[in-house]
Amino acid sequence: MNQKTSAPARIARDRFRRPLRSLRLSVTDRCNLRCQYCMPEAEYVWLPRKDLLSFEETEFLTERFVALGVRRVRITGGEPLIRPQLPGLVARIAAVAGVEDLALTTNGVLLAPQAAPLAEAGLHRITVSLDTLRPDRFRELTRRDDLPRVREGIRAARNAGLTPLKLDTVMIRGLNDDEVTDLFEFASAEDAEVRFIEYMDVGGATGWRPDLVFPAEAIREAMARRYGGIEPVAGQDPAAPARRYRVPDGRVFGVIASVTEPFCRTCDRSRITADGRWYRCLYAADGLDLRGPIRDGASPAEIEALIASTWGDRTDRGAEERAELDRRETLVPLTDLRADPHLEMHTRGG
Ligand code: SAM
Ligand code: SF4
Ligand code: SF4
């Protein structure tokens, strides 16, 4: 944890009194994998490179959000490790007074050589996304043959001290739901905590169907069948997306039940795309362009006022609204996704 904590001048709150605490910074929309649940299509429309925020602009925006209450920052993508000179950006964000927790989510393919430079730059911890331990399945799921590199990356992150290390696993019925306990054992052996995520019907997930969701309840049952009674961990952060459970020998796993047990009422998260568009919800159709005002020379106070008033109007509860639908299909039609890359999960970050 960073010691440079200072009380924010003000904490922005939305219409439901939810504070602005957590910021996900997507640093690229491009990726070196093609996970079926995130990028199932053959072709994608990319954000124009000239539109990407520079490191200076990203640092400037981070400072504005921290002034309004943000304390946790997560770097994501696309695949963040393909952004050139990423440790330079990490160093800038780590140096922003008030950033208490600086994490990064990666698919791990390029992690082994970058783990130590990222740690030296000031990154605190890493989450690696890993959905299967089987090479053939990995290839089927991601359309690449990179499982050995991901495993190497996980080890490198641990050795570099980027801990507590987490592994995020999207569970898909009929695809990897037979690996719940194998992934838990693998994570334990790597000194990591696995978090099982329900397959979400976010933008970009064009192959989503309700019957492919392997629900939290089934995950807990699979764990209980193998290990005996599982208990919720005491004193959990209510704003954290994962509910954590302990097996009888004391080891812990998490479940992110965004589909069957949504947790919008405590959501303090928002996201900035690599080209500076700010989304107050993963499911939001529209975001606020922050790059334009920055490049037009808006002052720090003007940008903070814009962010504070936009957050003040927030009523988003996307996952809860989706759960209330009688009939649930993919969120965004393919033609709309092709017309606006901002609707994609890989543009918005997870
Ligand atoms: N490329 C990096 C990675 O995979 O870790 C970071 C970006 S990725 C968009 C962030 C997270 O979103 C990953 O853990 C991924 O598994 C998750 N994700 C993507 N599509 C999803 C979906 N349809 N349902 C649930 N999680 C999803
Ligand atoms: Fe997979 Fe992450 Fe790339 Fe999406 S952005 S295709 S989840 S590695
Ligand atoms: Fe937050 Fe939107 Fe996710 Fe609900 S769906 S938890 S409001 S980001």
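For the residue counts that follow, Ala, Val, Leu, Ile, Met, Phe, Trp, Tyr, Cys and Pro are nonpolar, Asp, Glu, Lys and Arg are charged, and the others, Gly among them, are polar. With that in hand, welcome to a tour of this predicted model.

**Around the ligands**

Let us start with ligand 3. The shell around ligand 3 holds 7 nonpolar, 1 polar and 5 charged residues. Which residues come nearest to ligand 3? Of the 13 residues around it, the nearest are Cys 264, Cys 267, Cys 281, Leu 282 and Ala 319. Two elements, strand β10 (269–272) and helix α10 (318–323), each give at least two residues to this shell.

Now for the empty space. Rolling a probe the size of a water molecule over the atoms shows where space is left unfilled. How many cavities of 30 Å³ or more does a search of the whole structure find? The search finds 2.

The largest cavity contains about 70 Å³ of space. Its lining is formed by Glu 41, Glu 43, Tyr 44, Val 45, Leu 334, Leu 337, Arg 338, Pro 341 and Glu 344. Sorted by class, that lining has 5 nonpolar and 4 charged residues, and no polar ones.

The second largest cavity has a volume of about 50 Å³. Around it sit Leu 25, Ser 26, Val 27, Leu 53, Thr 58, Arg 83, Ile 272, Thr 273 and Ala 274. This lining divides into 5 nonpolar, 3 polar and 1 charged residues.

**How the helices pack**

| Helix pair | Angle | Axis distance |
|---|---|---|
| α1 (residues 55–67) and α2 (residues 86–94) | about 25° | 9 Å |
| α3 (residues 111–121) and α5 (residues 147–159) | roughly 15° | within 8 Å |
| α1 and α9 (residues 300–312) | roughly 60° | within 9 Å |

Helices α1 and α2 pack at about 25°. Because angles under 35 degrees count as roughly parallel, α1 is roughly parallel to α2. The crossing in which α1 passes α2 is right-handed.

For α3 and α5, the angle is roughly 15°, so α3 is roughly parallel to α5. Their crossing is right-handed.

Helix α1 also meets α9, and here the angle is roughly 60°. That angle makes α1 oblique to α9. Is the crossing of α1 and α9 left-handed or right-handed? It is a right-handed crossing.

**Backbone details**

Two spots along the chain deserve a look when you inspect torsions. A cis peptide bond links Thr 163 to Pro 164, with omega at about -5°. Pro 164 lies in the loop between α5 and β5 (165–171); α5 is the helix that crosses α3 at roughly 15°.

The other spot is Arg 17, a residue other than glycine whose phi is positive, near 70°. Where is Arg 17 placed? It belongs to the segment before β1 (22–26).

Note on methods:
Residues are numbered from 1 along each chain as its sequence is written. Chains are lettered from A and ligands numbered from 1 in the order in which they are written. This is a predicted model: local features need pLDDT of at least 70, side-chain atom pairs count only at pLDDT 80 or more; totals for chains, interfaces and linings use all residues. Side-chain values use heavy atoms; hydrogens and water are left out. On a 1 Å grid over the protein atoms alone, a cavity is a set of points where a 1.4 Å probe fits but cannot get out, and a pocket is an open set with protein on both sides within 12 Å along at least five of seven lines; lining residues have an atom within 4 Å of a point. Grid points are joined across faces, edges and corners, and a volume is the space filled by probe spheres set on the points. Axes are lines fitted to C-alpha atoms, for helices over the stretch in contact, and angles run from 0 to 180 degrees between N-to-C directions. Helices (H or I, at least four residues) and strands (E, at least two) are DSSP runs, numbered from the N terminus. Angles under 35 degrees count as roughly parallel, over 145 as roughly antiparallel, 65 to 115 as roughly perpendicular and the rest as oblique. A crossing is left-handed if the near helix is turned anticlockwise from the far one by less than a right angle, and right-handed if clockwise. A residue is near a molecule or strand if one of its heavy atoms lies within 4 Å of it.
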